[in-house]
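Here's a quick briefing to read alongside the model. Have the viewer open and follow along.

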Amino acid sequence: MDICTKVTLRQRLLKSGKITLYFDYYPPIRNPKTNRMQRHEYLGIYLYANPTNQVQRNFNRSMLEKGELIRCRRQESVINRQFGFIDHSQLKADFLEYFEAVIKKKKYQKWRIVFEHFKVFCKGKCTFGDLTVEFCTKFREYLLSAKQLKHKRKSLSQNAAAGYFSTSRALLKMAYKEKLITENINDYLEYIEWEDVEREFLNQDELIRLAQTPCDSDVLRRASLFSCLTGLRFSDILNLRWNNIQEVTGIGLCVVLKTQKTKTPATLPLCEDAIELIGERQTGKVFVGFKKTLTAKPLKDWIKTAKIDKWITFHCFRHTYATLQMAMSSNPYLVSQALTHKNLETTLRYTHNVPTALVDTLGKISIKPKTE
C-alpha cells in the first residue's frame, strides 16, 4: 500500500535576513500543472528573522497561523487525491483558468478557438465541479449549432465541431489524469461523427500547367510549388529557415524540422525541382516576403490565369502532394511519415481520390512537362 504523503510546514533563512515559509512533501507528489514530482512548495510568505518589536512579533505569529491553515488544507487535498476522495476545494477551482494554462503550454491555435467557444457556452464561468456528463453533453450540442467566432452568420461545419469536441475531450482526459476531476467523463460522452469531405487537389497535368503559368508574386509561386513537392503546411513553409535545409548523409539535401502544428520531427528529402525552387543558400527565412495575404486574392488570380476551374486554397497543395504520391503508388507508410500524420488511417483517406497499387518510392511528383 502506498504511504500517504505528509505535508510539513518548514522555514528557511534567506540572505536578505528574512525567513521564507515552504511546504515539504514526503514522499514527493506530482504537480498537476507541470506533471513533475515535487518535494517543496514555497508559499510566498516571509517572516522577520529577528523581530525587534511587538508589531513584528504579532506579524510573524499571524503569518505562521496562516501557513499552518494552508498546510492543513494542502494535506487534506493530498489525501483526497491519493485515496480518491472528493476534494471540495478543488471542485470550486476555476476550470477556465486551468484551460488557459494548458493553452499557454501547448501553444495550439485550435485549443484557443475551443477555449473561446467554451467560454461563450459557459458564459465565462466554469468550475471543476460544473464538469458533469450532462454539462459536457450540452457543450457537444452547442458546437453542433454554434456560429463561427469570426463569421457570426456562418455555422460551424460538422468536422469543425467534431475537431473542437475532440479537443475538449482531450482536456477532460488531462484533468482526470491529473486527478483534478474524480470521474472520467469521456466514458459517457458520444463523439461527434466526422463527415467525409471532398479534398480538392491538383492532378499532375494541372500542377505542371500551374508551374508553367506566370505569377505576379514569385515567392507565392515558389512557396506553393514547394508545398506540392514536400507536403509541408502553410505554417511550416512560412517559418521555414535555412538552418532547416540540411545535408543528410546517405540521403542528400533535406528539410529537417519540427512541424508547427503537431510538433512532430520530420526529415523530408528534397527532389531537384524543390531544390531549384529555394535557390541558393542564404540566411534567415527561406521564403522571404511570403505571408498569409498572398494566399487569398493573389493565389486565386494565379489559379484562374492557369485556367484551373477548382476551389484551390494553399492547403490544397498539401492535398495535392498526398494524393499524387498515393496515385503514383508510393508506400503509404512513407507518405504518412512525410505528412507527419499520427495514424495511417488519415493518410489512406487520399486513396479514395485515386486508388492504385503500391510500390516503395517517393519523389515522383513533377512540376515540369515530360521531355521526349
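**Loops, helices and cores**

Thr213 sits in the loop that links α7 and α8; helices here are DSSP runs of H or I with at least four residues, strands are E runs of at least two, and both are numbered from the N terminus. This is a predicted model, where local features need pLDDT of at least 70, side-chain atom pairs count only at pLDDT 80 or more, and totals for chains, interfaces and linings use all residues. Residues are numbered from 1 along each chain as its sequence is written, and side-chain values use heavy atoms, with hydrogens and water left out.

- Thr213 has 9% relative accessibility, so it counts as buried (buried is under 20% relative accessible area, exposed over 50%, partly exposed in between, with a 1.4 Å probe and protein chains only).
- Leaving out neighbours within four places in sequence, Thr213 is in contact (heavy atoms within 4.5 Å) with Trp302, Thr305 and Ala306.
- Gln282, in the loop between α10 and α11, is exposed at 52% relative accessible area.
- Gln282 and Trp242 are 40 residues apart in sequence, and their C-alpha atoms are 6.6 Å apart in space.

**How α8 meets α11**

- The axes of α8 (residues 218-230) and α11 (residues 297-305) come within 11 Å and cross at roughly 75 degrees; axes are lines fitted to C-alpha atoms, for helices over the stretch in contact, with angles from 0 to 180 degrees between N-to-C directions.
- That makes α8 and α11 roughly perpendicular (65 to 115 degrees; under 35 is roughly parallel, over 145 roughly antiparallel, the rest oblique).
- Leu220, Arg221, Ser224 and Leu225 of α8 make the contact with Pro298, Leu299 and Trp302 of α11.

**Helix α12**

- α12 (residues 315-327) has 13 residues and spans 18 Å from first C-alpha to last, close to the 18 Å expected at 1.5 Å a residue; that expectation is 1.5 Å times one less than the number of residues.
- Eleven of its 13 residues are buried, so α12 is largely enclosed by the rest of the structure.
- Among the buried ones are Arg318, His319 and Gln325.

**Nonpolar cores**

- The largest nonpolar core has 41 residues, and Phe226, Val255, Phe287 and Phe290 have the most contacts inside it; a core is a set of buried Ala, Val, Leu, Ile, Met, Phe, Trp, Tyr and Cys residues joined through side-chain atoms within 4.5 Å.
- α8 gives the most to this core, with seven residues.
- A second, separate core of 35 residues includes Trp111, Phe135, Cys136 and Phe139.
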